[in-house]
Amino acid sequence: MKFQPFFIALFATITLFAQEHTHKSSRALEFPNVPGYITLKTDLHQHTVFSDGNVWPTIRVGEALRDNLDVISLTEHLEYQPHKADIPHPDRNRSFELALKEAKDHDLMIIHGSEITRQAPMGHSNAIFIEDANKILHNEAEDAFGEAKKQGAFVFWNHPAWYAQSPTGNPILSDFQKERIKNGELHGIEVINVGDYAEESLALALEHNLTIMGTSDIHGLIDWEYVGKGIDRPVTLVFAKERTPESLQEALFAGRTVAVFNSLFVGKKEHLVPLLQASLVIEKAEYIDKTSILEVSLKNVTSSDLMLENQMEYTFYSSSPVFTIPAGESKTLNIKTLEKKDKVTLTLKALSAYVAPKEQAVVNWEITLH
Ligand SMILES: [Zn+2]
Ligand SMILES: [Zn+2]
């Protein structure tokens, strides 16, 4: 009898979960859609016990739902199988199949992928949108890439700046990668892997027109590696025409991405600028009575803090020209336009949003006043 309150509480909890069946948490990642496209939040590089990770594939699905992701891929090393003696699995598609089954009642896309794993100079690459992982297992790396292409895969170069494979901590584009790019067998590059952002990888992406990627490459738990440290996992935002795997694939081949790691944004100008424009919403704009000081309220609708700097000819009244708008919060700017205007262009530089090495995004908002 004395356990009764506990059982009532347990029953209430079960009922609540049965009705809601949502796993979203307060740490949900949020980014707005951009004109013409749906913004898909993806983490396309992850591991489980089916290669050198430490969790079962179902855990990856649960983590993704808690982070409010739209898409994940479990990219097990095809060739590196340290748990093989304990978990024999001749079929390299099992990790994908288990995640797919777990996600079937949820709004989460699972993309079939594998990590093709070699020493430098070939390095590691993820092939996603594959049909059969087993067929990509080849002795020669060239054959693995050839098979991935045959299956229609989107392939990206993983952690090209990883010091275990490149002791300078800089990516080295070898003849192997040049050949793959030329053959249409390598389409993207990680500029952010785990917590590492390499400007040199961004330079390679721009030079060779590779799709910009950011991934967690998680092996342990997202909660331990990121959330518990007060940070978010890196993601790739993909701007897709529709919320389908086909649209996602088209967008990745077309290079419509921005890599995000907390307040760091990295993307090509044509994708990053519209994202930032949609990320800061003008809630209010009006002149302070009897003055030529324009009061503008801006809301950051993303889950990332945004660091900004005034780039206008006008200066601010009682505000630093450099300021941060925390995730989900608003800020009021007082702009000294010297006379009352009908139209004002608000111009801000996003200090941690890079469109090229050492070059930050500059964004305009047109404000019309009555
Ligand atoms: Zn790797
Ligand atoms: Zn990996």
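Visitor: Let's start with a helix. Which residues of H5 are buried?
Guide: Keep in mind that this is a predicted model. In H5, the buried ones are Phe176, Gln177 and Arg180. They span an arc of only 95° around the axis, so they sit on the same side of H5.

Visitor: What do the buried residues of H5 pack against?
Guide: Their partners are helix H4 (141–150) and E5. On the face turned away from that buried side, you'll find the exposed residues Asp175 and Lys182. And just after H5, glycine 184 has a positive phi of about 70°.

Visitor: Now the metal. Which residues coordinate the zinc ion (ligand 1)?
Guide: For a metal, look for the donor atoms around it. Here they come from Glu115 (OE), His124 (ND1) and His159 (NE2), at 2.1 to 2.2 Å. Along the sequence, the spacing of these donors reads E-x8-H-x34-H. The two histidines link distant parts of the chain, 35 residues apart: histidine 124 is in strand E4 (residues 124–128), while histidine 159 is in the loop between strand E5 (154–157) and helix H5 (175–182).

Visitor: How far apart are the zinc ion (ligand 1) and the zinc ion (ligand 2)?
Guide: They are 3.3 Å apart, and glutamate 115 coordinates both.

Visitor: On to pockets. Which residues lie nearest the centre of the largest pocket?
Guide: The largest pocket has a volume of about 420 Å³. It is lined by 26 residues, with His159, Trp162, Asn193, Val194 and Asp196 nearest its centre. Strand E3 (109–117), strand E6 (188–193), strand E7 (196–197) and helix H6 (199–207) each give two or more residues to that lining. E6 gives the most, with four residues.

Visitor: Why does asparagine 334 count as buried?
Guide: Its relative accessibility is 12%, and buried means under 20%, so asparagine 334 qualifies. Asparagine 334 lies in strand E17 (residues 330–336). Leaving out residues up to four places away in sequence, its contacts include Ile288, Phe316 and Tyr317.

Visitor: Last one: where does pLDDT stay under 50?
Guide: Over residues 1–20, for which the model has one contact beyond four places in sequence. For the protein chain, the average pLDDT is 93, and 93% of the residues score at least 70.

Definitions and conventions: Residues are numbered from 1 along each chain as its sequence is written. Chains are lettered from A and ligands numbered from 1 in the order in which they are written. This is a predicted model: local features need pLDDT of at least 70, side-chain atom pairs count only at pLDDT 80 or more; totals for chains, interfaces and linings use all residues. Side-chain values use heavy atoms; hydrogens and water are left out. Donors are N, O and S atoms within 2.8 Å of the metal (3.2 Å for Na, K and Ca); water is not among the atoms, so sites may look incomplete. Buried means under 20% relative accessible area, exposed over 50%, partly exposed in between (1.4 Å probe, protein chains only). The arc is that of the directions from the helix axis to the C-beta atoms. Contact means heavy atoms within 4.5 Å. pLDDT is the predictor's confidence in each residue, from 0 to 100. On a 1 Å grid over the protein atoms alone, a cavity is a set of points where a 1.4 Å probe fits but cannot get out, and a pocket is an open set with protein on both sides within 12 Å along at least five of seven lines; lining residues have an atom within 4 Å of a point. Grid points are joined across faces, edges and corners, and a volume is the space filled by probe spheres set on the points.
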